[in-house]
Amino acid sequence: MRTLALIPARGGSKRLPGKNVRPFLGRPLLHWSILFARELGLFERVMVSTDAPEIARCAGEAQLEVAELRPAALATDTASSADVAADVLRKEQAAGRGYDWIALLQPTSPLRDPARWRQAFELARAGGCDAVVGVSPVRDHPLHVLRLAADGRLAPWGDAGGLRQRTQDLPAAVRVNGSLYLVRSEVLLAQNSFFPAATRAVLCDQPWEDADIDTEADWVVAEALGRHYGKQA
């Protein structure tokens, strides 16, 4: 099961500029994903994809290979991770390097449990799925979420009966947490998605596994979780 680990790190974050090279609990945020991928030992190759020279230099400081800088079309707010991954896969194929699966490790999810990735690989090897993603329990159950109208009125987002039930009595609800994506290469190239129909989930139920950094508030919470649970570098 030849697997390419891709770490996508765009330089143009508007909500948290420079986040990928900013120190997080003692090391650059980008380095957390690099070191995790390297130490896990399940990947044929680990690469960083970026459009920013400063991020490429940061990856180089961790002795990691960087794919050639992304073209402008793949460095915009609208370019998806699937677009970036497909571009890297095609270039790797052109260079004579093929992979059965591709893994995506977003730098914005720095706190990972290796056991979750080993479980994902077991699911992939067992067959019957084309992708595996990491999910976490939701904090607010969707059946307890409301719509807010322009005039201030509230209405149930879904089944109104859900509002009358206790959270523990509702069916389990999860969200994709951004920490784990694993997909067959041929499926990604054909469907341009990390979520094909045959997608399985790995449940990440520890609070620190749900850290996903997009804003300054996210950063503060993620560092607090990391410190509390002993995840410092």
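Helices (H or I, at least four residues) and strands (E, at least two) are DSSP runs, numbered from the N terminus.

## Basis and confidence

This is a predicted model, in which local features need pLDDT of at least 70 and side-chain atom pairs count only at pLDDT 80 or more, while totals for chains, interfaces and linings use all residues. Residues are numbered from 1 along each chain as its sequence is written, and side-chain values use heavy atoms, with hydrogens and water left out.

The protein chain has a mean pLDDT (the predictor's confidence in each residue, from 0 to 100) of 91, and 96% of its residues reach 70 or more.

## The loops of Ala-211 and Thr-108

Ala-211 sits in the loop between strand E10 (199-203) and helix H6 (216-228), and Thr-108 in the loop between E5 and helix H4 (114-126). Ala-211 counts as buried because its relative accessibility is 7%, and Thr-108 counts as buried at 9%; buried means under 20% relative accessible area, exposed over 50% and partly exposed in between, with a 1.4 Å probe and protein chains only.

Leaving aside residues up to four places away in sequence, Ala-211 touches Thr-108, Ser-109, Pro-110, Leu-111 and Ala-222, where contact means heavy atoms within 4.5 Å. With the same exclusion, Thr-108 touches Lys-19, Ala-211, Asp-212, Ile-213 and Asp-214. The C-alpha atoms of Ala-211 and Leu-225, which are 14 residues apart along the chain, are separated by 8.0 Å.

## The two faces of helix H2

In helix H2 (residues 53-61), the buried residues are Ile-55, Cys-58 and Ala-59. They cover an arc of only 100° around the axis, which puts them on the same side of H2; the arc is that of the directions from the helix axis to the C-beta atoms.

These buried residues pack against strand E3 (27-28), helix H1 (29-40) and strand E4 (45-49), whereas the face of H2 turned away from its buried side carries the exposed residues Arg-57 and Glu-61. H2 is followed by Gln-63, which has a positive phi, near 55°.
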